Amino acid sequence: MLVKGAIAAGLVAAGVALSSGQALSQAQGPAVSNVPVVVPGFWDPRRRPERPDLSRVTLIRFLTENDFPPFNHAGPDGNPVGFNVDLARMICEELKIACTIQMRRFDTLMDALADNRGDAVIASIAVTPQSRSRVDFSDPYYRTPARFVARRDFAIDDIRPELLEGRKVAVVSGTAHEAYLKTLFTEVVLQAYPNAEAAHAALMNGEVELMFADGISLAFWLNGTDSKNCCAFRGGPYIDSRYFGEGVGIAVRRGNDALRQGFNWALFRLWEQGRFSDLWLRYFPISPF
């Protein structure tokens with residue numbers, strides 16, 4: 001599954017505690033009430049990657065998508081901008097290697113990489129068995145957690161299955177979120193809607209008490225004008241890879257271990273220096289974590 005499509009449809013994420021071994025760090029972000037903004041950190045400080053020999057690499061040609069804001073899209077001058085684009089440039093700075101970033105239609109990116117029209121794809125592509133069959137990936141640099149949102153007057157903060165018995169919860173029909181609740185929150189009353197917009201409306205007008213969906217798209221909704229400041233996150237994040245995937249990585253051609261390991265080294269360094277957290281907070285003032 002491609003994370004881009006999942007977010008756009010209101011899909012994705014997995015497991016309640018950090019049982020995957022991934023660490024979450026906290027940082028004080030832009031003022032959104034007085035609650036610290038949680039910044040994801042998927043790197044274990046005890047497992048410091050080594051910098052591979054990239055002395056023969058003089059240029060890295062990144063490919064990204066042309067229309068998936070705020071991750072990657074064309075800016076006012078037509079040049080690529082967005083979270084993924086900024087991260088690619090930071091990686092190049094850390095590796096001290098020149099880079100280019102070219103935008104293409106999302107459905108052409110993998111073929112362009114295979115045809116050697118680029119060296120890496122940074123475009124919110126999910127790491128799955130299907131995508132692994134075509135490319136190799138760096139370590140994940142973000143995941144798409146599932147979250148509950150509720151109206152601000154909802155009294156329950158401690159989100160546990162036994163405390164939500166009989167509560168009406170909106171989900172988008174056919175998503176991983178619906179399947180997750182059917183398996184692990186068996187006592188809630190599921191209300192399935194055809195799309196995220198309908199589920200948002202049901203929450204806002206009181207048809208349901210909570211909504212369960214992709215945390216990233218929910219964060220954008222909460223931070224935007226459409227939500228009318230009605231709602232807030234409750235519980236989570238839920239990051240069970242069985243339902244919500246392994247995360248998002250940078251794709252390289254199969255067997256290009258030097259470049260893949262170089263990305264792993266650079267990503268770890270950016271996280272260790274706090275630069276990844278700064279970038280995250282710039283794009284996610286309401287963090288999905």
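The model is predicted: local features need pLDDT of at least 70, side-chain atom pairs count only at pLDDT 80 or more, and totals for chains, interfaces and linings use all residues. Residues are numbered from 1 along each chain as its sequence is written, and side-chain values use heavy atoms, with hydrogens and water left out. The structure holds 2 disulfides and 21 salt bridges.

**Disulfides**

- A disulfide is counted where a pair of cysteine sulfur atoms lies within 2.5 Å.
- Cys92 and Cys99 are joined, with an S to S distance of 1.7 Å; the torsion about their S-S bond is about -95 degrees, so this disulfide is left-handed.
- Cys92 is buried at 7% relative accessible area, and Cys99 is partly exposed at 26% (buried means under 20% relative accessible area, exposed over 50%, partly exposed in between, with a 1.4 Å probe and protein chains only).
- Cys230 and Cys231 are joined at 2.3 Å, S to S; with a torsion of about -100 degrees about the S-S bond, this disulfide is left-handed.
- Both Cys230 and Cys231 are buried.
- With the bonded cysteines of the protein chain numbered in sequence order, the pairing reads 1-2, 3-4.

**Helix α5**

- Helices (H or I, at least four residues) and strands (E, at least two) are DSSP runs, numbered from the N terminus.
- Helix α5 spans residues 176-184, and its buried residues include Ala176, His177, Glu178, Tyr180 and Leu181.
- Among the elements covering the buried residues of α5 are strands β10 (146-151), β11 (168-172), β12 (189-193), β13 (210-214) and β14 (231-238), together with helix α8 (241-244).

**Salt bridges**

- A salt bridge requires a side-chain nitrogen of Lys or Arg within 4 Å of a carboxyl oxygen of Asp or Glu.
- Glu272 pairs with Arg48, the closest N and O atoms being 2.5 Å apart. Glu272 lies in helix α9 (257-273) and Arg48 in the loop between β2 (37-41) and β3 (59-65), so the pair ties together parts 224 residues apart in sequence. Glu272 is partly exposed at 36%.
- Arg61 and Asp119 form a salt bridge at 3.0 Å, N to O. Arg61 is in strand β3 and Asp119 in the loop between α3 (109-114) and β8 (120-121), 58 residues apart. Arg61 is partly exposed at 25%, whereas Asp119 is buried at 12%.
- Asp111 and Arg134 meet at 2.9 Å, N to O. Asp111 is partly exposed at 41%, as is Arg134 at 44%.
- Glu93, Glu94, Arg269 and Arg275 are linked in a salt-bridge network.

Note on methods. Contact means heavy atoms within 4.5 Å.
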